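Me: I'd like to go through this one piece by piece. Can you take my questions as they come?

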Amino acid sequence: MLNAQQAVTERHQRFVDLAPSIRETIDAIAALRPDQRSDAEFLERRFIPTLGLNDELLHEQPPELSANFGMGLHLWQYPNQLAPYLVWLADNCSDISCYMEIGCRWGGMFILVAEWLRACGAGLKTVIAVDPIAPTPFIIRYFELLREQATVEPIYIRAFSTAPVVAAHVDRLRPDFVFIDGDHSLEGAMRDHLLVRRHADIIVHHDVHSQACPDTTLLWKALKEFEEPLFDVVEFIDQYPSVNGSFLGIGAMKRRGA
């Protein structure tokens with residue numbers, strides 16, 4: 001049996017081997033027609049699974065999607081939640097110039113959303129990934145491609161979101177769209193929300209309907225009421241009948257008038 005270090009090494013090597021395919025993924029997103037980007041059923045059933053899904057905690061994953069586990073971007077998302085979220089984002093991202101993700105991990109979701117914004121016509125100028133781990137092979141390759149194009153500035157902050165350097169970047173760059181998927185404690189997720197609330201017109205929380213993440217689920221329930229005077233709120237929490245329990249969930253809020 002492999003020890004823990006060997007398992008980590010082999011997993012890292014898998015991402016090294018997959019990193020060259022990031023260019024193909026970017027091209028696939030860019031090649032989607034407008035009608036496909038607005039078709040949640042097409043995205044759920046035909047497009048998102050081909051991007052590759054996560055292969056961890058498989059008891060939380062729908063077995064009918066097993067052919068896509070451990071492939072491509074390793075998206076830790078349910079296609080039936082992610083698809084309508086992407087459709088909503090396509091309709092609400094035109095003014096986004098700075099995208100920030102707190103807790104990017106391997107980087108699959110970060111890459112997908114950043115490229116989705118570009119494909120949908122957002123005037124994206126800066127992307128910021130925040131995570132305490134070192135940049136992964138996916139992130140490294142993606143940032144290389146962005147620097148080659150010289151149209152979007154990529155920034156990686158290797159730190160916890162509580163670090164002063166993160167707050168400094170938020171104050172300087174004023175990200176107008178932030179995806180929060182870092183510290184899953186009640187205090188940590190709330191702190192991340194308050195960190196970006198002053199500047200962000202779109203704030204999205206992950207794991208808002210998950211029995212595995214009771215704190216972020218509880219926080220989302222409270223935020224829906226607390227932020228209602230200033231933000232329109234929508235959530236994407238469909239589940240798969242083949243999974244025993246409720247997991248993941250995406251909650252999005254957009255500032256009124258933004």
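Me: Let's start in a loop. Which two helices does the loop holding glutamine 77 lie between?
Reply: Keep in mind that this is a predicted model. Glutamine 77 is in a loop, and the helices on either side of that loop are α4 (40-51) and α5 (79-92).

Me: Is glutamine 77 buried or exposed?
Reply: Buried means under 20% relative accessible area. Glutamine 77 has a relative accessible area of 4%, so it counts as buried.

Me: Which residue's side chain makes a polar contact with the side chain of glutamine 77?
Reply: Start from what glutamine 77 touches, leaving out residues up to four places away in sequence: the list includes Leu53, Met109, Phe179 and His206. A polar contact of 3.1 Å links the glutamine 77 side chain to that of histidine 206.

Me: Staying with loops, which side chains make polar contacts with the side chain of aspartate 55?
Reply: Aspartate 55 also sits in the loop between α4 and α5. Beyond four places in sequence, its contacts are Arg11, Arg14, Phe69, Gly70 and His74. Side chain to side chain, there is a polar contact of 2.7 Å with arginine 14 and one of 3.0 Å with arginine 11.

Me: How far apart are the C-alpha atoms of aspartate 55 and glutamate 10?
Reply: Along the chain, these two are 45 residues apart.

Me: On to the strands. How many of the residues of β1 are buried?
Reply: Side chains in a regular strand alternate between the two faces of the sheet. In β1, Cys98, Met100 and Ile102 are buried on one side, and Tyr99 and Glu101 are buried on the other. Both faces are covered, and the buried count for β1 (residues 98-102) is 5 of 5.

Me: Which residue of β4 stands opposite methionine 100?
Reply: β1 pairs with β4 (residues 177-180) in the parallel sense, over 4 bridges. Within β4, the residue opposite methionine 100 is valine 178.

Me: What is the handedness of the crossover from β1 to β2?
Reply: β1 and β2 (residues 126-131) run parallel and are joined by 5 bridges; tyrosine 99, for one, has valine 127 as its bridge partner. Between β1 and β2 the chain passes through helix α6 (residues 108-119), and this β-α-β crossover is right-handed.

Me: How many of the residues of α6 are buried?
Reply: Among the buried residues of α6 are Met109, Phe110, Trp116 and Leu117. The helix is largely enclosed by the rest of the structure, because its buried residues number 10 of 12.

Me: Which glycine follows α6, and what is its phi?
Reply: α6 itself reaches 16 Å from its first C-alpha to its last, close to the expected 16 Å. After it comes glycine 121, with a positive phi near 95°.

Me: Why do the buried residues of α9 line one face of the helix?
Reply: The buried residues of α9 (residues 186-197) are Gly188, Ala189, Asp192, His193 and Val196. Viewed down the axis, they line one face because they fall within an arc of 140°.

Me: And what arc do the buried residues of α2 cover?
Reply: In α2 (residues 22-30), the buried residues are Ile22, Thr25, Ile26 and Ile29. They are on the same side of α2, because around the axis they cover an arc of only 100°.

Conventions:
Residues are numbered from 1 along each chain as its sequence is written. This is a predicted model: local features need pLDDT of at least 70, side-chain atom pairs count only at pLDDT 80 or more; totals for chains, interfaces and linings use all residues. Side-chain values use heavy atoms; hydrogens and water are left out. Buried means under 20% relative accessible area, exposed over 50%, partly exposed in between (1.4 Å probe, protein chains only). Two strands pair if DSSP finds at least two bridges between them. A crossover is right-handed if, with the strands pointing away from the viewer, the path from the first strand over the helix to the second runs clockwise. The arc is that of the directions from the helix axis to the C-beta atoms. A polar contact is a pair of N or O atoms within 3.5 Å; within protein, one must be able to donate a hydrogen and the other to accept it, and residues adjacent in sequence count only if both atoms are side-chain atoms. Contact means heavy atoms within 4.5 Å. The expected span of a helix is 1.5 Å times one less than its number of residues.
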